[in-house]
Amino acid sequence: MVKNDERVLLTGPTGFIGGRLLRALDEKGYRVRCLVRLSEKLTIRGEPLRRDPEVVYGDLLRPETLSAALEGITTAYYLVHSMGGRTIRETKAFAERDRKAALHFLSAAEAAGVRRIIYLGGLGERSDELSKHLASRNEVADILQSGRVQTTVLRAAVIIGAGGASFEIIRYLAERLPVMICPKWIQTRSQPIAVQDVIAYLIGCLENEATAGLRLDIGGPEILSYADLVRIYCRVRKLKRLLIPVPFLTPRLSAYWINLVTPVPAGIVFPLVEGLKNEAVCRDNRIRDLVPISLTPMEQAICQALAEESMGPGRLPSVQSCFVSWRS
Ligand SMILES: NC(=O)c1ccc[n+]([C@@H]2O[C@H](COP(=O)([O-])OP(=O)(O)OC[C@H]3O[C@@H](n4cnc5c(N)ncnc54)[C@H](OP(=O)(O)O)[C@@H]3O)[C@@H](O)[C@H]2O)c1
């Protein structure tokens, strides 16, 4: 039930997750304030929202813009990352930008007396040699949990939904390549999750205070290799594809190849592909008791993502991940 005094700040409302969460919060009757860098990018597709969200300008890299955005807020969602620079130098610096963004946000949230932060980051164990991207997602979690605001961290692997960067990579590879040369990382295990289940968990955490301060893994009902995921995609689309395993293609070479075959920007492909060597499986399933939901099987998640794609560009455009339509 929505508490009368609950006032929610949504960062990243122009993104893949944030855009969907905005609609879900609106449907539940929450009063939402959206933090945006460019208000024109906040386009509401489909049915109008029940209540127009308040829209405020804010850039996490410009701390002076954050106190007004956080004033009066009880819970803030942190759905921001800085991958996707346009130059190699910019691309390489994403971890530094994400560190600064998290520090600025935490300090502004503390000053504003925010009660809770809910952050969606990435799955990956510190005991492994983590990619720069996954290490950076963990670092953001550490920063946000180091302050006085009770922070819930949700950690997810690949999220399946129209317009999600990882899903789009899989989709373009499967659609465009009749024969796929598959490096070793294609056998890495992961626990992909449907985007609607992620949204249900994000709202469930807001509604269950027992999740405050916890770090929780979220994943779908199946543990799959990336090869399994491609096979399920092909089965759903009735595509005949040949996957040929090879021992030599490094993540870096794969990233160049993926960058060539898919329209996903290099600034996103490189950090994501580097992380494919890291197993991304839930080690802790407390979320299933704290926020019990019925998880979507992967085949159904892919069907739903494709159905959404066929209705038009299934995402809200973001500088970080601007894809062309799959029909073009
Ligand atoms: N997509 C996945 O498969 C996946 C998987 C696991 C975890 N996650 C996590 O989910 C969260 C959201 O990811 P996403 O896929 O929704 O990303 P996304 O579509 O690329 O959106 C990123 C959002 O961050 C905003 N942003 C970036 N830098 C900002 C800044 N300095 N100040 C204010 N806003 C800024 C962008 O705003 P602009 O529109 O202005 O650029 C955009 O709204 C991330 O923490 C990510 O690690 C995603």
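In the predicted model, a polar side-chain atom of lysine 41 lies 2.7 Å from an oxygen atom of the ligand, a polar contact being a pair of N or O atoms within 3.5 Å. A backbone N or O atom of leucine 120 is likewise placed 2.7 Å from a ligand oxygen atom, and a polar backbone atom of isoleucine 159 is found 3.3 Å from an oxygen atom of the ligand. Taken alone, the ligand exposes 910 Å², of which the protein buries 94% (Shrake-Rupley areas, 1.4 Å probe).

The shell around the ligand comprises 26 residues, the closest being Thr14, Phe16, Lys41, Leu120 and Arg137; a residue is counted if one of its heavy atoms lies within 4 Å. Twelve of the shell residues are nonpolar, nine polar and five charged, with Asp, Glu, Lys and Arg taken as charged, Ala, Val, Leu, Ile, Met, Phe, Trp, Tyr, Cys and Pro as nonpolar, and the others, Gly among them, as polar.

Helix α4 covers residues 94-112; at 1.5 Å a residue its 19 residues should span 27 Å, and the end C-alpha atoms are 27 Å apart, in agreement. The expected span is 1.5 Å times one less than the number of residues, and helices are DSSP runs (H or I) of at least four residues. Among the buried residues of α4 are Phe94, Ala101, Phe105 and Ala109, buried meaning under 20% relative accessible area (1.4 Å probe, protein chains only). Glycine 113 follows α4 and has a positive phi, near 75°.

Residues are numbered from 1 along each chain as its sequence is written. Local features need pLDDT of at least 70, side-chain atom pairs count only at pLDDT 80 or more, and totals for chains, interfaces and linings use all residues, while side-chain values use heavy atoms, without hydrogens and water.

How values were computed. Helix = DSSP H or I, 4+ residues; strand = E, 2+ residues; numbered from the N terminus. Buried < 20%, exposed > 50% of the residue type's maximum accessible area, 1.4 Å probe, protein only. Polar contact = N/O pair within 3.5 Å; in protein donor to acceptor, adjacent residues only side chain to side chain.
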